[in-house]
Amino acid sequence: MFSKKKVTRHYAKVLFEHSMNNDKRDSTYHKIKKVSSLLSQSIELNKILCTSLLSPAKKIQILEKIFYPFDPFIFHFIKILTIRKREHLSKKIFLEYQKIYQEKKGLLKCNLISAFPLRMDLQKIITNKIIPLESKRNNKKYQIINKIDESILGGFLLRIGYKEWDFSVKGQLFSIQKILKNSV
């Protein structure tokens with residue numbers, strides 16, 4: 001069996017490839033973003049997608065009334081997911097699609113995690129030290145999101161994709177603790 005992550009990534013890639021053939025690829029991205037937001041907020045819609053009490057035909061009828069007027073392309077995609085009994089993965093597929101789109105457009109999100117909000121000048125100093133090394137290698141543009149996590153005590157964590165730079169007090173204390181445990 002395939003893992004949910006692989007299935008999600010596969011459908012997101014197929015959706016991306018098909019939307020790139022379309023002349024309105026940017027508007028498709030924005031519509032998928034809206035649908036993704038709707039799926040994140042609507043408990044009722046998630047119940048419809050995840051219930052086994054409704055037949056696929058009934059789900060398609062309901063989803064057609066919701067999505068077809070908004071965008072026929074997105075409706076047909078969700079219809080295919082419903083026929084293949086993967087409609088419960090819709091939200092994850094649309095989120096993965098957005099990641100793929102942003103990667104292809106050259107936009108990567110950077111999460112700058114700190115114990116308190118960082119001023120813009122501090123964010124620029126951090127990004128000018130770390131990100132230029134990365135951006136020269138892969139020619140990407142970065143969008144910085146400052147998240148607050150008081151548990152790191154001080155300093156910051158910078159995450160870009162799967163890479164992480166840990167300059168937090170919590171991380172340093174953990175490293176010291178590990179060294180002391182290993183020396184005993």
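Where is His 76 found? His 76 belongs to helix H5; helices (H or I, at least four residues) and strands (E, at least two) are DSSP runs, numbered from the N terminus. With 38% relative accessibility, His 76 counts as partly exposed. On this scale, buried means under 20% relative accessible area, exposed over 50%, and partly exposed in between, using a 1.4 Å probe and protein chains only. His 76 and Ile 60 are 16 residues apart in sequence, and their C-alpha atoms are 9.5 Å apart in space.

Before going further, please note that this is a predicted model, in which local features need pLDDT of at least 70, side-chain atom pairs count only at pLDDT 80 or more, and totals for chains, interfaces and linings use all residues. Residues are numbered from 1 along each chain as its sequence is written, and side-chain values use heavy atoms, with hydrogens and water left out.

**The cores**

Let us turn to the inside. In soluble globular proteins, nonpolar side chains tend to be buried together. A nonpolar core here is a set of buried Ala, Val, Leu, Ile, Met, Phe, Trp, Tyr and Cys residues joined through side-chain atoms within 4.5 Å. The largest nonpolar core has 25 residues, and the members that touch the most others are Leu 63, Phe 67, Phe 77, Ile 93, Phe 94 and Tyr 97. At least two residues of this core come from each of helix H1 (4–21), H2, H3, helix H4 (56–67), helix H5 (72–83) and helix H6 (90–104). Another core lies apart from it and has 11 residues, including Leu 108, Cys 110, Leu 112 and Leu 118.

Leaving aside residues up to four places away in sequence, Phe 67 touches Val 35, Leu 38, Leu 45, Phe 75 and Ile 78, where contact means heavy atoms within 4.5 Å.

**Helix H4**

The 12 residues of H4 should span 16 Å at 1.5 Å a residue, and this agrees with its end C-alpha atoms, which are 16 Å apart; the expected span is 1.5 Å times one less than the number of residues. Which residues of H4 are buried? They are Lys 59, Ile 60, Leu 63 and Phe 67. These residues lie on the same side of H4 because they cover an arc of only 100° around the axis, the arc being that of the directions from the helix axis to the C-beta atoms. H2, H3 and H5 are among the elements that cover the buried residues of H4. On the face turned away from the buried side, H4 carries the exposed residues Ala 57 and Lys 65.

**A serine between helices**

Ser 42 sits in the loop between helix H2 (25–41) and helix H3 (43–50). Ser 42 counts as buried because its relative accessibility is 15%. A polar atom of the Ser 42 side chain lies 3.1 Å from the backbone nitrogen of Leu 45. A polar contact is a pair of N or O atoms within 3.5 Å; within protein, one must be able to donate a hydrogen and the other to accept it, and residues adjacent in sequence count only if both atoms are side-chain atoms.

**The strands**

Strand E1 (residues 107–114) pairs with E3 in the antiparallel sense over 5 bridges; two strands pair if DSSP finds at least two bridges between them. In this pairing Leu 112 stands opposite Leu 158 in E3. E3 also runs antiparallel to strand E4 (residues 163–168), joined by 6 bridges. Ile 160 stands opposite Lys 163 in E4, and Leu 157 has Asp 166 in E4 as its bridge partner. The hairpin of E3 and E4 has 2 residues between the strands, and Gly 161 there takes a positive phi near 65°.

Most residues other than glycine have a negative phi, and most peptide bonds are trans.
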